[in-house]
Amino acid sequence: MVYKTVVLFVILLFNMSYVIFASDPDPVQDFCIANTEPASHSSQCKNSSLATVEDFVFSGIKVPGKFGPTGLSGVSVNSNVFPGLNTLGMSFVRADFEVGGVNVPHFHPRATETAFVLEGKIYSGFVDTNNRIFAKVIEKGEVMVFPRGLLHFQMNVGDTPATILGSFDSQNPGSQRIPAAIFGSGIKDKLLEKAFGLSSKEISKLKKKLGSH
């Protein structure tokens with residue numbers, strides 16, 4: 001009886017671990033093009049008989065998007081803009097960097113990312129949970145992987161603009177940018193002052209400067 005109980009417990013624990021650590025659920029059909037018709041939201045998927053090749057082609061990353069204050073342009077490609085990705089467990093992003101442009105430290109809670117350099121030279125890396133840094137300059141044709149949930153960053157260290165194509169093993173990887181999370185989320189100044197050893201005036205400056213980064 002005790003043996004059977006232990007076996008059942010191990011099986012249950014394994015199944016729970018699988019649910020916790022698995023990526024997006026496996027699809028149960030060939031594809032499920034996200035239903036974007038307001039009048040037919042009773043079904044998550046577009047009628048498969050109405051699918052065409054255009055449902056599986058996306059042209060929205062031919063050119064860079066709008067550049068932000070850190071010299072980065074990011075164009076996300078997920079099932080919200082590319083319905084053919086729905087339920088396939090993947091998404092990606094085009095990231096363009098001006099000379100000296102930075103993708104600030106951030107992480108994706110639900111996905112591992114691979115970053116492929118299309119053009120340029122990028123100082124790229126991540127930090128593990130022991131605060132070990134793994135970073136180097138990667139160039140055109142090279143790929144770096146950022147394990148799920150780990151802090152990572154990128155900076156264009158070349159003399160010309162750079163472009164990266166990032167791929168995620170989730171259709172909704174999520175993204176939390178550290179400067180904005182710390183200084184733009186409403187955490188009390190007193191806590192930030194103690195955490196960073198800064199004055200109230202210095203914290204206010206950082207909130208104004210980094211709150212939206």
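Buried, in my notes, means under 20% relative accessible area, with exposed over 50% and partly exposed in between (1.4 Å probe, protein chains only).

**Ground rules.** I am working on a predicted model, where local features need pLDDT of at least 70, side-chain atom pairs count only at pLDDT 80 or more, and totals for chains, interfaces and linings use all residues. I number residues from 1 along each chain as its sequence is written, and side-chain values use heavy atoms, leaving out hydrogens and water.

**His106.** I looked up this histidine and found that His106 is buried, at 4% relative accessible area. His106 sits in strand E3 (strands are DSSP runs of at least two residues, numbered from the N terminus). Its side chain reaches the backbone oxygen of Val104 at 2.7 Å, a polar contact (a pair of N or O atoms within 3.5 Å; within protein, one must be able to donate a hydrogen and the other to accept it, and residues adjacent in sequence count only if both atoms are side-chain atoms). Beyond four places in sequence, I see His106 in contact (heavy atoms within 4.5 Å) with Leu150, Leu151, His152, Ser175, Gln176, Arg177 and Ile178.

How values were computed
Helices (H or I, at least four residues) and strands (E, at least two) are DSSP runs, numbered from the N terminus.
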